[in-house]
Amino acid sequence: MKIAVVGVTGMVGQVMLKVLEERNLNVSTLIPVASEKSVGNEVTFKGKHFKVVSMKQAIEMKPDIALFSAGGSVSLEFAPQFAAVGTTVIDNSSAFRMDADKKLIVPEINAGELTKEDKIIANPNCSTIQMVATLAPLHQKYAVKRLVISTYQSITGTGVKAVEQLENEYAGKKGAMAYPYQIHKNAIPHCDVFEDNGYTKEEMKLVRETQKILNDRTIAVTATAVRIPVVGGHSESVNVEFRNEFDVSDIRRLLSETSGITVQDNVDVNVYPMPLLAHGRDDVFVGRIRRDHSQENTLNMWIVSDNLRKGAATNAVQIAEYLIDKELV
């Protein structure tokens, strides 16, 4: 199985290598791919060194699967070129997520939609993945009617430049700015660019992608996305209105029985999800599960996940595992 990792020198690309190694995917040939300035550099995988190749070289090598994490413009240009030589592309950018003829996949929810004909598969946004992973079993039983979401997002979602900005500010040094304001000791209600409707792209991803993955355009969604000076993962406060009445203990049971979900919910001993504890782990953690007494059939939850792992790299590798297991590549 020839696997290309496109954008291998970036934060998500590096985590993709780590996850591929940890999950022991049967990689006969690793093809590390990055921009021209990184060609010839080396990356390490399973104790061996591999030279980074160019996009053109990688396409000529005809990998079975290409894991993309190099930005939307790169995906739009090169993903179709890989697909044209028979490669199945799993793309971590927003380039193809809302294309009507492209699948948007969280394996635990909708991997069954995939076929051999799907040559470009979209990986959802990090903040969407952890939320829908939690909502899917609840939607199936109680039918989600409306979501009110507030996110508290790690700087790693922006990239290495943001991490450097926080480290510089913490040390009292001047340096390049990933954000329009200081992030140290701050919270910035601005993730991605603003759309004409006054919401950011990050907020609208939560709206559009949730409806597509859960296959229900009637779900009403509103979101506020905030960047905070945290490294370990994204946190979300999610208010869920269901169409049907529910029992809180049944919600906890359903979530506890769902693959990839860990319930951390015992306020008597201060047990609840935090990005510090989610960092480096693949599960989605959910806690502070409680009824919203201000409105009928409504629940509050606190959801945390490592945005570089289940929110990006791990989800992409899980899609690759499914494709291999079902002999779709």
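How many residue pairs, both at pLDDT 80 or more, are in polar contact between domain 1 and domain 2? The count is five. The legends below place these pairs in the setting of the predicted model.

**View 1. The two domains of the chain.** In this predicted model, the domain assignment gives domain 1 as residues 2-123 + 312-326 and domain 2 as residues 127-154 + 187-305. The centres of domain 1 and domain 2, taken over C-alpha atoms, are separated by 27 Å.

**View 2. The area buried between domain 1 and domain 2.** About 1,200 Å² is buried between the two domains, and carbon and sulfur atoms give 64% of this area. On the side of domain 1, Met-98, Leu-104 and Ile-109 supply 41% of the area buried against domain 2, which is more than any other three residues supply. In terms of contacts, 13 residues of domain 1 meet twelve residues of domain 2.

View 3. Two salt bridges are counted between domain 1 and domain 2. A salt bridge also joins the side chains of Arg-97 and Glu-209, with an N to O distance of 3.3 Å.

**View 4. The side of domain 1 that touches domain 2.** Two helices, α4 (107-110) and α10 (309-325), each supply at least two residues of this side. The largest share, three residues, comes from α4. By class, the residues of this side of domain 1 divide into five charged, four polar and four nonpolar.

Technical notes: Residues are numbered from 1 along each chain as its sequence is written. This is a predicted model: local features need pLDDT of at least 70, side-chain atom pairs count only at pLDDT 80 or more; totals for chains, interfaces and linings use all residues. Side-chain values use heavy atoms; hydrogens and water are left out. Domain bounds come from an automatic or database domain assignment. Contact means heavy atoms within 4.5 Å. Buried area is the accessible area (1.4 Å probe) that two parts lose on being put together, summed over both. A salt bridge is a side-chain nitrogen of Lys or Arg within 4 Å of a carboxyl oxygen of Asp or Glu. A polar contact is a pair of N or O atoms within 3.5 Å; within protein, one must be able to donate a hydrogen and the other to accept it, and residues adjacent in sequence count only if both atoms are side-chain atoms. Helices (H or I, at least four residues) and strands (E, at least two) are DSSP runs, numbered from the N terminus. Ala, Val, Leu, Ile, Met, Phe, Trp, Tyr, Cys and Pro count as nonpolar, Asp, Glu, Lys and Arg as charged, and the others, Gly among them, as polar.
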